[in-house]
Amino acid sequence: MSNSTITADLPRVERRGGQGAAVGLNNGKPDQHFVVTLQNSTLSGGQETIGSNSDITYYHNCFLTKDGLLHMSGAHNNYTLAQGNTGFSVHDTKKVALLRHDQNATWGVIGDPVAIRAAYDCTMVLTDQGDVAVWGYNGHGQQGRGHASGNGYAQGITGTNVGPRSGIKGREVVEIDLTKGYPNSGHTLYVRCKDGTVWGWGYNGYGQLGQNNTSNCYTPVQLHDNTGSPVDDAIGIFAGHGNYQAVFVLRADGTLWSCGQNNWGKLGDGTTGNQYRLKPCVGLPADSPIKKVQLGGSSRGASTYVLLKDGRVFGTGYGGQYQLNASASNWSGFNQLAFPTGVGGFTDMWIAGEYAQAYFNADDGACYACGYNGNGQLGVGSTSNAYMGKINLPSGVQLKKVSTGGAYDGATQRHTTIMLGTDGEVYTCGHYAGYFFGNSGGSNWQKPVCWYRPWPKYADDPLRRKVVDVVSHAYTSEWGAFVLLNNGELWAAGRNSSNKLGTEATNSYPTFVERVEIH
């Protein structure tokens, strides 16, 4: 998941090194519907961010705009769009009204939204006052309100122990995350509070709530480590994606801990057995601080990667398609990934996709990729799986963001990669890349090809528009992608089933680049 910091002011929420927001302009005037950002990293260089300002998932999208409003489009099963009804699709965006504390002291939230995390049928929001709202599927207690019954509105979680409604000093929430099903509704939701405690609720089938059991929890419970002690010194949380039912916690002493599903050793604790309480990861050196943690994959293969400040990358878990090493071996504890020839360190990384494809910026000015490549989604000029293959970007261009879409749909592998280059252009490769992302032709592309842009080049554009963020749908046959411009315009392309792109078009078939209308 991503790379920018939270851009709204957080008067009561802890911020570490967050940068101020750029103001979106429309003909030189502020645009009240400026989309703040699409996604972001939870940790970068020791600086924390709080979540993401907007998110997209299997069949729906949620965007946070500069005026503090939430907008959603797509499928509306399980009250996904928080409209008070269910069972239909919305092709244009609809506003989401949070239940406010002055309307309902028990379930109303305090503050305005600043961050979003979304999964298959569930959405959670963090406010600038450290409160949390949840809506959507609730079969395992994901709404955090003490029951497993449906509810069509965006309301707060039980505030007894978490958030400003608890009245407990330091319990304002500063970070949110959730596991993203592949695609199913088995989500687990997590929050980190200002006092360093970590809480979770929802699905617990692999022990990922750290309670030493596999019972689902309908209200927030505090995660414990393997000594039986509640965690109260966390500085970062990282939930698994793509049916990776696990969580990693970075603690104040710089150590990384994990619990939950552990196929192939992806928890990095030295075993391949599920862990029901947080256990320390093994193999990570203590001589360089952690810069970034990335989790990727699904039940078909999953890996975990850690980028250190000194440029080394360590990985654990599934390596069957060269995700971790040139011998296609799995690792049950963290080991260092070997550098490509001539590389002395990595400067950034992105892990995404069903098999945890890995993409790296290196200090030699080039970019490299590892993992499954059946559709050419690594961009290395072939469809062979690769370890540290060189990505075929233009000379001098590195990556600013990588997002992957598609997966195995039960019959066919469908993987597409969207890349934002340092030159401000959007590139794509992989499954039906041309057909689905703005260029003609339906074949797979093995090298990144520049998107067609309906707006002029920066030098010729009186509005000086340029791309600042990209994100794609990440599941099965869903190849939709979004591009955010610096003036707040949001554009989309790709498959539009369930009208999830939020454009005026309602077709379910591949769509060229179109403007997303935020209403």
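Me: Is Asp-269 buried or exposed?
Reply: This is a predicted model, and the relative accessibility of Asp-269 in it is 6%. Buried means under 20% relative accessible area. Because 6% falls under that limit, Asp-269 counts as buried.

Me: Which residue forms a salt bridge with Asp-269?
Reply: Asp-269 lies in the loop between β19 and β20, and its partner is placed in strand β20, ten residues apart from Asp-269. The side chains meet with an N to O distance of 3.4 Å.

Me: Which residue stands opposite Lys-279?
Reply: Lys-279 is in strand β20, which is joined by three bridges to strand β19, residues 256-260. The two strands run antiparallel. Opposite Lys-279 stands Ser-258.

Me: Which strands stand at the edges of the sheet?
Reply: The sheet is open and has four strands in the order β17-β18-β19-β20, with antiparallel pairing. Two of its strands have a single partner strand each, so one side of each is left without a neighbour in the sheet. From one strand to the next, the twist averages 15 degrees. The edge strands are β17 (234-239) and β20 (275-280).

Me: Which residue has its backbone oxygen 3.2 Å from a polar atom of the side chain of Gln-275?
Reply: Gln-275 is located in strand β20 and, at 16% relative accessibility, counts as buried. Leaving aside neighbours within four places in sequence, its contacts include Tyr-206, Ser-258, Leu-267 and Asp-269. The backbone oxygen at 3.2 Å belongs to Gly-273.

Me: How far apart are the closest N and O atoms of Arg-312 and Asp-310?
Reply: Arg-312 counts as buried at 17% relative accessibility, whereas Asp-310 counts as partly exposed at 39%. The two residues form a salt bridge. Its closest N and O atoms are separated by 2.8 Å.

Me: What is the N to O distance in the salt bridge of Arg-100 and Asp-112?
Reply: Both residues lie in the loop between β8 (89-96) and β9 (113-118), twelve residues apart. Arg-100 is partly exposed, with a relative accessible area of 27%, and Asp-112 is partly exposed at 39%. Their side chains meet at an N to O distance of 3.2 Å.

Me: How many salt bridges does the count come to?
Reply: One network of salt bridges links Asp-225, Asp-233 and Arg-251. The count of salt bridges comes to 14.

Technical notes. Residues numbered from 1 in each chain as written. Predicted model: local features only at pLDDT ≥ 70, side-chain atom pairs only at ≥ 80, totals over all residues. Heavy atoms only, no water. Pairing = 2+ DSSP bridges. Axes fitted to C-alpha atoms, helices over the stretch in contact; angles between N-to-C directions. Buried < 20%, exposed > 50% of the residue type's maximum accessible area, 1.4 Å probe, protein only. Polar contact = N/O pair within 3.5 Å; in protein donor to acceptor, adjacent residues only side chain to side chain. Contact = heavy atoms within 4.5 Å. Salt bridge = Lys/Arg side-chain N within 4 Å of Asp/Glu carboxyl O.
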